[in-house]
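User: I would like to go through this structure with you, starting from the terms and then the details. Could you take me through it?

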Amino acid sequence: EQTFKNALTTLPMGGGKGGSDFSPRGKSDREIMRFCQAFMLGLWKNLGPDRDVPAGDIGVGGREVGYMYGMYKKLINECTGTFTGKGLDFGGSRIRPEATGFGAIYFVNDMLARKGETIKDKKVAISGFGNVAWGAALKATELGAKVVTISGPDGYVYDPDGISGDKIEYMLELRASGNDVVEPYVERYPNATFFPGRKPWEQKVDIALPCATQNELNGDDAKQLVDNNVELVAEVSNMGCTPEAIDHFIETRTIYAPGKAVNAGGVATSGLEMSQNAMHLTWSAEEVDQKLHGIMDDIHEQCVKYGTQPDGYINYMKGANIAGFMKVANAMMGQGII
């Protein structure tokens with residue numbers, strides 16, 4: 001998944017996936033820092049700007065990347081662009097935290113454009129409320145859509161007035177305090193309704209964007225969305241839909257796109273951060289956003305090229321897999337199979 005996703009970005013980098021079994025949840029800043037430093041003691045010899053460049057993911061944000069990069073820099077006695085998702089004060093890129101969500105909305109807009117539509121005035125269901133979800137909510141709202149749900153481990157919130165502006169700021173403050181539940185939202189905004197232990201896919205919406213975790217949208221959820229005439233489903237989380245859900249979307253000719261294409265904006269912006277570090281430059285938010293938008297448009301075109309069926313339906317899953325595979329295969333063949 002990660003290899004094909006990185007290949008789709010068109011940037012010159014490979015891709016792998018790894019991590020640790022340490023969860024930052026419930027740990028003090030000092031405990032997290034000490035673990036990150038110990039982790040680097042075991043890993044640093046395998047890293048480098050032209051060897052392996054780690055980035056954030058679930059449980060790993062700017063704080064953790066900063067701690068790891070600080071220890072790595074101390075061990076090698078050099079300042080390189082070996083990590084992405086760093087703080088702006090020491091080599092990070094603007095809009096990196098929200099890039100995955102921004103890129104996903106650009107991709108969704110491209111999908112809608114194939115039908116002569118835009119995201120403006122669409123009703124959107126989002127799950128989770130981490131970096132990915134708030135980036136998607138921010139950009140969708142900016143482009144005129146109405147985001148009506150967010151979720152956490154305790155359930156989900158439905159807000160018919162839309163989740164934007166100070167509501168997003170409030171949830172970000174809540175999350176920064178270490179609180180990842182969403183029930184407090186309805187105490188601040190009483191027009192909203194909290195549904196404990198349930199998922200937002202039961203709501204009637206135009207667009208569904210799973211933004212939280214792997215396999216969060218299952219076959220039953222997919223049937224409910226299709227029965228409610230959902231127009232489009234796009235994975236913003238990594239492998240957010242189960243195979244049963246994906247099969248149902250494709251069988252019913254519901255427009256669906258996989259995470260390796262939709263959420264590639266995060267890794268694309270990591271690549272842009274590497275470029276800025278290599279040139280010892282910092283681009284403006286507008287420059288990064290423009291480059292990100294262009295990359296997402298290109299990924300969409302690749303998916304359309306390889307995924308368009310004889311009946312006109314675009315199988316984005318097929319298109320993304322073939323496009324990613326072709327780049328990897330061509331690169332291997334061109335360099336000789338070793």
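Analyst: A residue is called buried under 20% relative accessible area, exposed over 50% and partly exposed in between, using a 1.4 Å probe and protein chains only. This is a predicted model, in which local features need pLDDT of at least 70 and side-chain atom pairs count only at pLDDT 80 or more, while totals for chains, interfaces and linings use all residues. Residues are numbered from 1 along each chain as its sequence is written, and side-chain values use heavy atoms, with hydrogens and water left out.

User: Is Val-205 buried or exposed?

Analyst: Val-205 has a relative accessible area of 4%, so Val-205 is buried. Val-205 is found in the loop between E4 and strand E5 (207-209). Helices (H or I, at least four residues) and strands (E, at least two) are DSSP runs numbered from the N terminus.

User: What does Val-205 touch?

Analyst: Not counting residues up to four places away in sequence, Val-205 touches Lys-123, Val-124, Ala-125, Val-148, Asn-229, Val-230 and Glu-231. Contact means heavy atoms within 4.5 Å.

User: In what order do the seven strands of the sheet run?

Analyst: The order is E4-E3-E2-E1-E5-E6-E7, in an open sheet with mixed pairing. Two strands pair if DSSP finds at least two bridges between them. Strand E4 (193-196) and strand E7 (255-257) are the edge strands, each pairing on one side only. On average, neighbouring strands of this sheet are turned by 15° against each other, direction ignored.

User: In which sense do E1 and E2 pair?

Analyst: Strand E1 (residues 123-126) and strand E2 (residues 146-152) pair in the parallel sense, over three bridges. Val-124 stands opposite Val-147 in E2.

User: Moving on to helices, how do the axes of H8 and H9 lie?

Analyst: The two axes come within 7 Å and cross at roughly 25°. Axes are lines fitted to C-alpha atoms, for helices over the stretch in contact, and angles run from 0 to 180 degrees between N-to-C directions. H8 and H9 are therefore roughly parallel to each other; angles under 35 degrees count as roughly parallel, over 145 as roughly antiparallel, 65 to 115 as roughly perpendicular and the rest as oblique.

User: Which residues meet there?

Analyst: Gly-219, Ala-222, Lys-223, Leu-225 and Val-226 in H8 meet Glu-244, Ala-245, His-248 and Phe-249 in H9.

User: And which residues of H9 are buried?

Analyst: In helix H9 (residues 243-251), the buried residues are Ala-245, Ile-246, His-248, Phe-249 and Ile-250. They pack against helix H8 (219-227), strand E6 (232-234), E7 and helix H13 (316-335). After H9 comes Arg-253, with a positive phi near 60°.

User: How many residues has the largest nonpolar core?

Analyst: The largest nonpolar core has 62 residues, and those with the most contacts inside it are Phe-107, Ile-126, Leu-209, Ile-299 and Tyr-316. A nonpolar core is a set of buried Ala, Val, Leu, Ile, Met, Phe, Trp, Tyr and Cys residues joined through side-chain atoms within 4.5 Å. Helix H4 (residues 99-113) gives the largest share of this core, nine residues. Another core, of 22 residues, lies apart from it, and includes Trp-201, Val-226, Val-230 and Tyr-256.

User: Finally, where is Cys-303 found?

Analyst: Cys-303 is found in helix H12 (residues 285-307). Cys-303 counts as buried, at 0% relative accessibility. Leaving aside neighbours within four places in sequence, the contacts of Cys-303 are Phe-107, Ala-261, Thr-308, Ile-314, Tyr-316, Gly-319 and Ala-320.
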